[in-house]
Amino acid sequence: MSQTTNSILMIRPINFRMNEQTAVNNYFQEDLSLRDSLINLKAQKEFDDYVDKLRKFGIEVIVVSDNQENDTPDSVFPNNWVSFHNDGTMAIYPMFAENRRLERREDIILELEKEGFLIENIVDYTSAEDQNIFLEGTGSMILDRQNKIAYCAISPRADEELFIEFCEDFEYTPVIFTANQTVDNSREAIYHTNVMMCIAETFSVICLSCIDDKKERKNVISHLKKSGKEIIDITEKQMHQFAGNMLQVKGKNNELFLVMSQAAYNSLTKEQIKKIEKHCNIVSSSLETIETCGGGSARCMMAEVFLPKNK
């Protein structure tokens with residue numbers, strides 16, 4: 001089973017702005033003193049440039065537009081509500097913010113089927129929302145698909161029991177820990193695992209200093225090493241520039257790329273860039289508005305499509 005895919009689903013924003021419902025525990029979000037319409041225009045430009053860049057490297061990007069009917073300021077981050085798996089299974093996830101639940105749209109799924117992807121089975125976890133239990137897809141979980149290991153930093157958006165249920169359903173070994181960041185001199189849970197950790201085929205970029213508990217940190221390191229990943233450690237300061245929010249994808253001729261934002265790339269040291277480039281090339285794109293208002297970055301914007309295709 002491959003860790004990387006050539007096919008990516010992305011949702012073009014229509015009503016992008018800072019989402020007040022997610023700001024309560026996403027400490028990466030900041031308010032821009034601009035009109036919402038201007039913020040949305042800037043986000044659309046960043047989105048379009050990013051898609052163009054990915055396509056230039058031969059990455060297949062399926063773009064579906066957000067719609068006007070719903071107030072969905074975070075629709076640009078589809079990897080939180082859906083994940084696709086190579087046996088034809090699709091999983092749908094319970095979301096913390098009520099306005100994010102409107103992002104789950106059947107027409108997006110129909111669009112993928114129109115592109116020739118096969119969806120054989122749907123695993124739906126959304127009823128957990130009734131109990132205020134959440135697990136926000138590959139934002140909350142980092143999947144090592146090759147070694148069937150799932151990493152999860154427990155937070156208000158990642159429930160431990162539901163994560164274990166996912167691991168049982170999809171036959172992953174769970175690795176559970178807490179990841180914190182400093183907010184006003186106190187340690188607060190990081191809202192999504194994928195801002196502090198990324199797993200590629202042969203390496204992992206991770207902010208180890210976020211894992212305050214030494215035992216938990218040791219356990220994460222041991223699983224990464226056992227599965228043959230070179231560990232590229234980043235600082236908390238770099239994590240705040242979204243250096244943990246990266247995704248490895250395949251371009252033409254199965255060439256591997258690590259995709260990140262320009263801010264993430266600019267935060268890396270020469271040494272870290274050298275380590276990454278031993279494994280694959282880097283693609284970076286400016287996502288300043290999306291990062292500032294949305295509190296998410298390059299990885300959050302890509303839902304990987306591992307589904308089989310019609311012959």
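Three strands, in the order β6-β7-β8, make up an open sheet with mixed pairing; two strands count as paired if DSSP finds at least two bridges between them. Because β6 (141-144) and β8 (173-177) stand at the edges with a single partner strand each, one side of each has no neighbour in the sheet. From one strand to the next, the twist averages 20°. The model is a predicted one, in which local features need pLDDT of at least 70 and side-chain atom pairs pLDDT 80 or more, whereas totals for chains, interfaces and linings use all residues. Residues are numbered from 1 along each chain as its sequence is written, and side-chain values use heavy atoms, with hydrogens and water left out. Helices (H or I, at least four residues) and strands (E, at least two) are DSSP runs numbered from the N terminus.

**The sheet and its helices**

β6 pairs with strand β7 (residues 149-153) in the antiparallel sense over four bridges. Within this pairing, the bridge partner of Ile142 in β7 is Tyr151, and that of Met141 is Cys152. The hairpin of β6 and β7 has four residues between the strands, and Lys148 in this hairpin takes a positive phi near 55°.

In a regular strand, side chains alternate between the two faces of the sheet. In β6, Met141 and Leu143 point one way while Ile142 and Asp144 point the other way, and all are buried. Buried means under 20% relative accessible area, exposed over 50%, and partly exposed in between (1.4 Å probe, protein chains only).

Helix α4 packs on the sheet and touches β6, β7 and β8, contact meaning heavy atoms within 4.5 Å. The direction of α4 makes about 160° with that of β8. Helix α5 (residues 214-226) lies across β7 and β8 and runs at about 145° to β8. For these angles, axes are lines fitted to C-alpha atoms, for helices over the stretch in contact, and the angles run from 0 to 180 degrees between N-to-C directions.

**Aromatic rings**

The structure holds seven aromatic pairs. Rings of Phe, Tyr and Trp (its six-membered ring) pair if their centres lie within 6.5 Å; planes under 30 degrees apart count as stacked, over 60 as edge-to-face and the rest as tilted. Two of the pairs are set out below.

| Pair | Centre distance | Plane angle | Class |
|---|---|---|---|
| Phe96 and Phe134 | 5.6 Å | 80° | edge-to-face |
| Phe166 and Phe170 | 4.6 Å | 20° | stacked |

Phe96 is partly exposed at 23% relative accessible area, whereas Phe134 is buried at 5%.

Phe166 and Phe170 are separated by about one helical turn, because they are four residues apart in helix α4 (residues 160-170). Both Phe166 and Phe170 are buried. Together with Tyr93, Tyr125 and Tyr172, they form one aromatic cluster.

At Phe117, the charged end of Lys309 sits over the ring, 4.7 Å from its centre. The criterion is NZ of Lys or CZ of Arg within 6 Å of the ring centre and within 35 degrees of the ring normal.

**Positive phi in two loops**

Asn132, in the loop between β5 and α3, has a positive phi near 60°. Its relative accessibility is 58%, so Asn132 counts as exposed. Asn253, in the loop between β14 (247-250) and β15 (256-261), has a positive phi near 55°. Asn253 is exposed, with a relative accessible area of 76%.
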